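Please keep the sequence and the coordinates at hand while reading.

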Amino acid sequence: MADLLVTGVTKSYPTRAEPLEVLRGVTFELSAGENLAILGPSGCGKSTLLYIVGTLDAPTTGRVSLAGSNPFDLSEPRLAAFRNHKIGFVFQDHYLLPQCSVLDNVLVPTLADGRPTPEAVERARMLLDRVGLSKRLDHVPAELSGGERQRTAIARALVNRPALLLADEPTGNLDRATAATVGRLLLELQALERTMLIVVTHSLELAGLLARRMELNAGRLE
Amino acid sequence: MSLARLIIGTLRYHWSTNLAVALAVMAAGAVLTGALLVGDSMRGSLRHLLLDQLGQIDEVLVTDRFFREQLADELTAQPAFQEFFTQAVPVVVVQGTIEKPQAGGALRAGGVSVIGSDERFWKLGSGQSPKPPGKGQIVLNAPLAAEIGARVGDEVLLRIGSASQIPPDSALGRKTETIRNRRLKVSEIIPATGLGRFNLHPSQQLPRDAFVAAGTLQNALEQPGKVNAIFVAGREGESPTPEAHNRLVECLRPKLADYGIQIEPHKLGYVQCTSNRMLLDPPVVVAAEKAFAADRPQPLFTYLANTIASEPVTGEKREIPYSTITAIDFVAEPPMGPFKSPDGQTIAALKDDEIVLNSWAAEDLGVQPGAEVEITYFLPETTHGKVQEARAKFRLKAIVALEGLAADPDLTPQMPGVTDRLSIGDWDAPFPFDSHRVRKQDEQYWDDHRTTPKAFISLAAGRRLWSSRFGDTTAIRFAPPPGPTLQAQADQLRLEPAALGFVFTPVKRMGLEAAAGTTPFDALFIGFSLFIMVSALVLVALLFRLGVEQRSEEIGILRAVGLPRRKVAWALAAEGFAVAAVGSALGLAAGVGYAWLMLVGLKTWWLGAISTPFLELYISPRSLLIGFLGGVIVSLLTIAWTVRRLSRLPVRGLLARQTQDSRPATRAATRRSRLAAFGLLVAAAAMAASAPWLGGAAQAGAFVGSGALVLAAGLTLIWSRLRSGATGGLSDNTSLPIARLAVLNGARNPGRSTLTIGLIASASFLIVALSAFRLDPAAEGRGRVSGSGGFDLVAQSDQPI
């Protein structure tokens, strides 16, 4: 049975005119270790779908099941804990905390359970080593390049061993060479961690690296 | 890495934004702390002023009668007194006028407190005391000296009222020629500090004080060895207490002489209780009737009849001028009876319409029993200083022989200027007196019988005609059994000192209480500064929110990686607390400066509010604590409100820096908002309509309250409109595209726009409201409803005129 089931998800937004329908019955599934690229034109609802799968937004109708449970049935604190333990995010913008060091940024998700454990710190160091930043642990984001910042964000997304890694245009702000490096790194780590990976991207090159590709068009996944 | 470390790091990284918020908090805290310190300073300064001007004086007794100086010494000698107090000082205190003669007209100062004392008074003060003034000398305080331009060595004229014991408002009281003058040399001018600004009614106003030797005033008032006040000094460092006051009251034991009361045996065998005020005070009458109940007390009331007249059976109407009539209930038993007719018959007690004439008067009028007798007399109380005459008719019941009890001149009380004169023609009468009416036989009667009454009526009739607020009895006679001494009889009469005006006033305690509970200047200044405070808090909200919104993606990522909403909110609140604490701490220092500035203002620009520049800065830890905590708590609540709103925004919006819910308000929400605005308008109208029936502060409150409600209604409508999405687009109104764009910009962040509008609207409201209530005396004119009552000048006299 698939670890991630997305069934008949729709999403519409109220506007000052008529409601805007973004997703119209999206259905797909994914198992551990699998990856999926979602392509589509701007404004087609790719990011919306990613936020719904990532529990940051609720579907208007439809169902999302991750690791056997529907997160939208949970209360806000439980949903936050669910997201903290099951889902990792990599956004187009790195969203690193500018006041924190690279290591601290990676450890931010561990704050949900209080102070980071020594194991968590060790894992953060290991992940930063894998993304090639072992010598930049004490640097702040302002001292990093765009690629380094995105690699830090990837390490942060994986620090809590998520079952699902979601990446929204992870290479959208990077030059071609760096984007290729970051894309490959993302896939390497996904394979290593045996996590599910969904990447929303415009980049056919990045999508080409992933095993499955789907296209979202007029709110429907094809 | 920990949440605390994250918070500290965030505070440091965003220091500029946090500094701006802290400065806004500082402004709010400074205003609050400053207002509290103004209150502290007002109370502290008043307390200091009171303690300075009273020195060691805790209690003051001032009476309207003069009593022995020794009463103060007798008080001091009592052990119970010494338990709480150190000394009782006898003082003469009167109100007077000081005049400095000079070419072109004298310079005068009225309302001067003239204090007659000795060196004991000056020892009650704090600091250096002047040399006590000697005979013919006067010490002036600086404000008084400045007012009349007096210098040391100058001669000044002291004018004070006489110390008549008979109230001027009574018909027989003296109303003119009551001023006593003394020419004195200024021996010293003392500053208006310490006893130099002594005032029986402590206030921040600078009093006009003059100090002379006690003897100077006693001689001027013809009250040798007597004073009218006692100042009591408390123990240094001890606060005056109600217990001490009660003990002092218990210790005060004036003698009958201090009340001006005499109990004397009479040669006719009775003992008589009289007062040097002509009338016995009602409490004395009650006490005497009780004390001498077993001795057959007989009250009597002797009054002046301007005329006793009768129409004889034959001949012309006859009248006797200026006679005394005694209202008395005749008794048969000696020594107060019997009153007998010339044929030896005992005359019984009179009915209220009956009169008895002595044989001299009956003969003079040519009347016999049964005749109608009319008397005219002055009403016992004057109206606006003018005496009025009244008449009463009686039936002559009997004629009493002019001998024995009926020939007793002591039935009439002493009246200076009248009873002490050798002839009627010499009377210096305090009432309208026509000496031409006095006949030869009247002078002969005066020579032979002095003040012996020529007529008698019942006590009830006399009291009905002549009783007043000053009393209804001129003497009480009683017949004690043989044995007890006169002193023993006097001791029987137990009088309550307070009932006769011997009341100690705990001036220091009352002053301290008044200083502590004076006009709440702190609340007043908080009220005045409320707009600044609210503005600062709105600024705190706007700046904090702006700062947080600038890093909304940080909040978004914390939420995205699974930190619960409450944890993120707490982290933000902790940041806010730290900023608020720093801001409030800065606010304390700024608050001290603000209070100092307010006091400078009160001592200069707004001096009219406090009359004299007596205010000094006082700082209490309590106010600093309240100011600090107030600043922190109010700012934290403002920040918490901002955090609560932000933490509810969706993560996606936060990551995209969309910190406003961009969705338009639903129709239901818009309708609710409009209903709320309508409700506020109705409440405002109701409050405004009720204002005419309210008075004072409530009316002002209704004005401000209804204005605030209209403001709130307007803001609610604007907020609702901005949120409704009905602000239109650029294509809707091509004539004012820039204005339309401005409205659209405002609608982008309705909360912030509404707060900003509210901030400016509040300022406009306050400025317009305060301006509307400002009165211009010049524009008011001279109408009777104007502040001056329509008068340009006001003259004040120290003596009744």
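Five of the five residues of strand β6 (residues 164–168) of chain A are buried, so the strand is largely enclosed by the rest of the structure; a residue counts as buried if 20 or more other C-beta atoms lie within 10 Å of its own, as exposed if 12 or fewer do, and as partly exposed in between, with C-beta atoms placed from the backbone. This is a predicted model, in which local features need pLDDT of at least 70 and side-chain atom pairs count only at pLDDT 80 or more, whereas totals for chains, interfaces and linings use all residues. Residues are numbered from 1 along each chain as its sequence is written, while chains are lettered from A and ligands numbered from 1 in the order in which they are written. Helices (H or I, at least four residues) and strands (E, at least two) are DSSP runs, numbered from the N terminus.

Together with helix α6(A) (residues 176–193), β6(A) and β7(A) make a right-handed β-α-β unit; right-handed here means that, with the strands pointing away from the viewer, the path from the first strand over the helix to the second runs clockwise.

The buried residues of α6(A) are A179(A), V182(A), G183(A), L186(A), L189(A) and Q190(A). They cover an arc of only 135° around the axis, which puts them on the same side of α6(A), the arc being that of the directions from the helix axis to the C-beta atoms. The face turned away from this buried side carries the exposed residues A177(A), R184(A), E188(A), A191(A) and L192(A). Just after α6(A), R194(A) takes a positive phi of about 50°.

In helix α1(A) (residues 46–53), eight of the eight residues are buried, so this helix is largely enclosed by the rest of the structure. T55(A), which follows α1(A), has a positive phi near 65°.

**Strand β2 of chain B**

Strand β2(B) (residues 85–100) pairs in the antiparallel sense with the strands listed here.

| Partner of β2(B) | Bridges | Example pair |
|---|---|---|
| β8(B) (residues 226–234) | six bridges | F85(B) and G234(B) |
| β3(B) (residues 107–117) | eight bridges | V93(B) and I115(B) |
| β5(B) (residues 155–161) | four bridges | I98(B) and L158(B) |

β2(B) and β3(B) form a hairpin with six residues between them, and G104(B) in the turn has a positive phi of about 90°.

**The contact between chains A and B**

Residues are in contact if their C-beta atoms, placed from the backbone, lie within 7 Å, and the contact takes 26 residues from chain B and 26 residues from chain A. On the side of chain B that touches chain A, the elements that give two or more residues are α1 (3–13), α18 (552–560), α19 (565–603) and α21 (651–655) of chain B, and α1(B) gives the most, with six residues.

Note on methods. Two residues are in contact if their C-beta atoms, placed from the backbone, lie within 7 Å. Two strands pair if DSSP finds at least two bridges between them.
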